Amino acid sequence: MCIACRQREPRSVLIRLVARQDKLVVDPEAMLPGRGAWLHRRRDCLDKMLKSRSYGRLSPQATDTTEVSAWFDHGSTGAMTQEATKKAGREPMGAR
């Protein structure tokens with residue numbers, strides 16, 4: 001479920017965010033330890049999350065969101081991950 005718009009979606013459509021010390025970081029492989037939250041890979045959901053400060057539920061100390069904003073600014077929507085999966089000879093997992 002996206003923490004910004006509260007819509008339920010499969011993980012393949014969402015990106016995981018994790019609080020690390022005093023900042024919020026993107027966890028594209030969903031492997032970092034700790035409590036995570038899921039967010040759509042859309043800029044409008046990022047803006048909504050930042051405005052409502054719903055990421056504060058992850059950790060009250062996580063106030064630095066520059067890394068997450070930079071990830072979205074660089075256009076990291078998961079396309080490179082799907083391309084790498086195809087190059088490895090596997091089919092990308094689809095949402096049912």
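Contact here means heavy atoms within 4.5 Å of each other. The model is a predicted one, in which local features need pLDDT of at least 70 and side-chain atom pairs count only at pLDDT 80 or more, while totals for chains, interfaces and linings use all residues. Residues are numbered from 1 along each chain as its sequence is written, and side-chain values use heavy atoms, with hydrogens and water left out.

The protein has three helices and three strands, where helices (H or I, at least four residues) and strands (E, at least two) are DSSP runs numbered from the N terminus. Reading from the N terminus, the elements come in the order β-β-β-α-α-α. Of the 96 residues, 33% count as buried; buried stands for under 20% relative accessible area, exposed for over 50%, and partly exposed for what lies in between (1.4 Å probe, protein chains only). As for contacts between residues at least 6 apart in sequence, 57% of them join residues at least 24 apart.

Next comes the sheet. The three strands make an open, antiparallel sheet in the order β2-β1-β3, two strands being counted as paired if DSSP finds at least two bridges between them. At the edges sit β2 (23–27) and β3 (36–40), each pairing on one side only. On average, neighbouring strands are turned by 35° against each other, direction ignored; axes are lines fitted to C-alpha atoms, for helices over the stretch in contact, and angles run from 0 to 180 degrees between N-to-C directions. Strand β1 (residues 14–20) is joined to β3 by five bridges, and the two run antiparallel. R16 has W38 of β3 as its bridge partner. Five bridges also link β1 with β2, again antiparallel, and here V18 stands opposite V25 in β2. β1 and β2 form a hairpin with two residues between them, and Q21 in the turn has a positive phi of about 50°. β2 is mostly covered, with four of its five residues buried.

Helix α1 (residues 43–52) lies across β1, β2 and β3 and runs at about 135° to β3. Its buried residues are C45, L46 and M49. Seen down the axis of α1, these fall within an arc of 105°, so they line one face of the helix; the arc is that of the directions from the helix axis to the C-beta atoms. The cover over the buried residues of α1 includes β1, β2, β3 and α2.

V68, S69, W71 and F72 are buried in α2. Viewed down the axis of α2, the buried residues fall within an arc of 155°, so they line one face of the helix. The face turned away from that buried side carries the exposed residues T66 and D73. Covering the buried residues of α2 are, among others, β1, β2, β3 and α1. T65 sits in the loop between α1 and α2. T65 is buried, at a relative accessible area of 14%, and touches L24, L50 and Y55, leaving aside residues up to four places away in sequence.

Not counting residues up to four places away in sequence, L39 touches C2, I3, A4, L14, I15, L17, C45, L46, M49 and F72.

Finally, the cysteines. With a disulfide taken as a pair of cysteine sulfur atoms within 2.5 Å, the count comes to zero. The sulfur of C2 has its closest cysteine sulfur in C5, 3.7 Å away, which is too far for a bond. C45 is in no disulfide either, and its nearest cysteine sulfur, that of C2, is 3.8 Å away. C2 is buried, with a relative accessible area of 1%, and C45 is buried too, at 2%.
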